[in-house]
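Please keep the sequence and the coordinates open while reading.

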Amino acid sequence: MITPQPPAFLTLAFRPFFLLGALWSALALAAWIVALLTGTALPSRFDPLSWHIHAMLFGFVLAAVAGFMLTAIPSWTGRPAVSGAPLAALAALWLLGRIASLTSALMPLALAAAIDVAFPAALCAVAAREILAARNWRNAAMPVPIAALGIADLLMYLERGGVALPAGLGWRLALAAALVLICVVGGRIVPAFTRNWLVKRGVQTLPAATDAVDRGALIVLPASLAAWLIWPSATPVGALLLLAAALHLLRLSRWRGLATLAEPLLAVLHLGYAWVVVGVALLGASILTAVVPLPAAIHALTAGAIGTMVLAVMTRVSLGHTGRPLAADRGTALIYALVTLAALTRVVAAFHAGAYLRWVELAAALWIAAFAGFVLRYGPMLVAPRADGR
């Protein structure tokens, strides 16, 4: 009996999750800006700001994580990719979570939380099953950030339900988990892709091999973020975060980023990692001095590091896995520029209280344009068969 093949859109997880994540990112930010400017109440138990935070971390970021992780796991394990009906079911769980969060005021809080947390729980279980079944011990820890995101999601609901928790613990845990995942995965792909690109061009000076600098950076950053979760205003935590930023700056400086400026598809990965350095440094400085506002640090990490790295990975994976050359065209370079300007503008907004809303409106417009641009440029690729016929 011949097993029917799934449609192209459901052959690999990057296809539905990158498209849905980018759409949600643009639409959710537009909805939040409208609510902010008009005072319109959302049918959610979260206030508009909390819903905005929740929508981006557990809608946009989790979709990107799912698309990347479930696409990468087959290459790590040699096992078949999650596709067809199981992939459609995961995408449906993600979508139900977005609906539950947005309309949570219309249902019991426990029901909304259960629906929403079901997706990260299922994603974590699927990722762990595939990795452990293949005894792929090198990547055995990869489901941990997904589990942390699921716990963080639940914590935001519990805090909303009146459970006595440190204020903001849920979103801080989610942000920390996303940053650790970026640093682990980025530490693999950024120097590797750079090395391959430079070798093809006959360049002799290549990114440094993994050594004590990388290991130290990957110990200090999670430690400093863990401390920040518990003591977000403690002076020693600020100093530790600055040390983490310095170590990651040293790490990044050894990856030959300036040599990649001729290829935006590669250079943007270095830029995204640079935002990690800037954001962590600003976070540490915001604890140590009142000169740096906390929102500047948070948006350097979210709009800057997460937004840029997600867009960089989504474009590269989409091109590679749809059988297209790994090179950025003008449309792709434009969306990189838009997300960069969005992040810069949003960080600047935190320093300009008098014109705050104007800066936020501009940042939102740039962000929406970046991810709408991804949908327009890459959406047709994601729903169609591979260009090379494979």
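Contact here means heavy atoms within 4.5 Å. By that criterion, and not counting residues up to four places away in sequence, proline 166 touches Glu159 and Arg172. The model is predicted, and the points below are grouped by topic.

**Loop residues**

- Proline 166 sits in the loop that runs between helix 5 (143–160) and helix 6 (169–200).
- With a relative accessibility of 43%, proline 166 counts as partly exposed, because the class lies between 20% and 50%.
- Leucine 155 is 11 residues from proline 166 along the chain, and their C-alpha atoms are separated by 9.9 Å.
- Arginine 135 belongs to the loop between helix 4 (109–133) and helix 5. Its phi is positive, about 55°, although arginine 135 is not a glycine, and at 62% relative accessibility it counts as exposed.
- Arginine 256 also has a positive phi, near 60°, in a residue other than glycine. Arginine 256 is placed in the loop between helix 8 and helix 9 (264–288) and is partly exposed, with a relative accessible area of 28%.

**Buried positions and their contacts**

- Alanine 245 is part of helix 8 (residues 235–253). Its relative accessible area is 5%, so alanine 245 is buried.
- Apart from neighbours within four places in sequence, alanine 245 is in contact with Val277, Val280 and Ala281. Alanine 274 is 29 residues away from alanine 245 in sequence, at 9.7 Å from C-alpha to C-alpha.
- Threonine 71 is found in helix 2 (residues 48–77) and counts as buried at 7% relative accessibility.
- A polar side-chain atom of threonine 71 lies 3.0 Å from the backbone nitrogen of phenylalanine 14. Leaving aside neighbours within four places in sequence, the contacts of threonine 71 are Ala13, Phe14, Val317 and His321.
- Threonine 322 is in the loop between helix 10 (294–321) and helix 11 (330–350). Its relative accessible area is 0%, so threonine 322 is buried.
- The side chain of threonine 322 reaches the backbone oxygen of serine 318 at 2.5 Å. Not counting residues up to four places away in sequence, threonine 322 touches Phe14, Arg15, Met381, Arg386, Ala387 and Asp388.

**Salt bridges**

- Side chains of opposite charge can pair when their charged atoms come close.
- How many salt bridges are there? The count comes to 9 salt bridges.
- One of them joins the side chains of aspartate 116 and arginine 98, at 2.9 Å from N to O. Aspartate 116 is in helix 4 and arginine 98 in helix 3 (residues 84–102), so this pair ties together parts that are 18 residues apart in sequence.
- Are these two partners buried or exposed? Aspartate 116 is buried, with a relative accessible area of 1%, and arginine 98 counts as buried at 2%.
- Aspartate 211 forms a salt bridge with arginine 254, with the closest N and O atoms 2.7 Å apart. The pair links distant parts of the chain, 43 residues apart: aspartate 211 is in the loop between helix 6 and helix 7 (212–230), and arginine 254 in the loop between helix 8 and helix 9.
- Aspartate 211 is partly exposed, at a relative accessible area of 26%.
- Arginine 377 forms a salt bridge with aspartate 329, the closest N and O atoms being 2.5 Å apart. Arginine 377 lies in helix 12 (residues 356–383) and aspartate 329 in the loop between helix 10 and helix 11, so the pair ties together parts that are 48 residues apart in sequence.
- Arginine 377 counts as partly exposed at 32% relative accessibility, and aspartate 329 is partly exposed with a relative accessible area of 28%.
- Salt bridges that share partners join Asp211, Asp214, Arg251 and Arg254 into one network.

**Helix 11**

- At the start of helix 11, a side-chain oxygen of aspartate 329 comes to within 3.3 Å of the backbone nitrogen of glycine 331.
- Helix 11 has 21 residues and should span 30 Å at 1.5 Å a residue; its end C-alpha atoms are 31 Å apart, which agrees.

**Surface patch**

- A nonpolar patch on the surface is formed by Leu36, Leu37 and Leu357, with about 240 Å² of accessible area together.
- Of these, leucine 36 is in helix 1 (residues 14–38) and is partly exposed, with a relative accessible area of 36%.

Methods: Residues are numbered from 1 along each chain as its sequence is written. This is a predicted model: local features need pLDDT of at least 70, side-chain atom pairs count only at pLDDT 80 or more; totals for chains, interfaces and linings use all residues. Side-chain values use heavy atoms; hydrogens and water are left out. Helices (H or I, at least four residues) and strands (E, at least two) are DSSP runs, numbered from the N terminus. Buried means under 20% relative accessible area, exposed over 50%, partly exposed in between (1.4 Å probe, protein chains only). Patches are made of residues with over 30% relative accessible area and no salt bridge: like charges are joined within 9 Å, nonpolar side chains (Val, Leu, Ile, Met, Phe, Trp, Tyr) within 5 Å. Accessible areas come from the Shrake-Rupley method with a 1.4 Å probe; for residues, only the protein chains shown count as cover. A salt bridge is a side-chain nitrogen of Lys or Arg within 4 Å of a carboxyl oxygen of Asp or Glu. A polar contact is a pair of N or O atoms within 3.5 Å; within protein, one must be able to donate a hydrogen and the other to accept it, and residues adjacent in sequence count only if both atoms are side-chain atoms. The expected span of a helix is 1.5 Å times one less than its number of residues.
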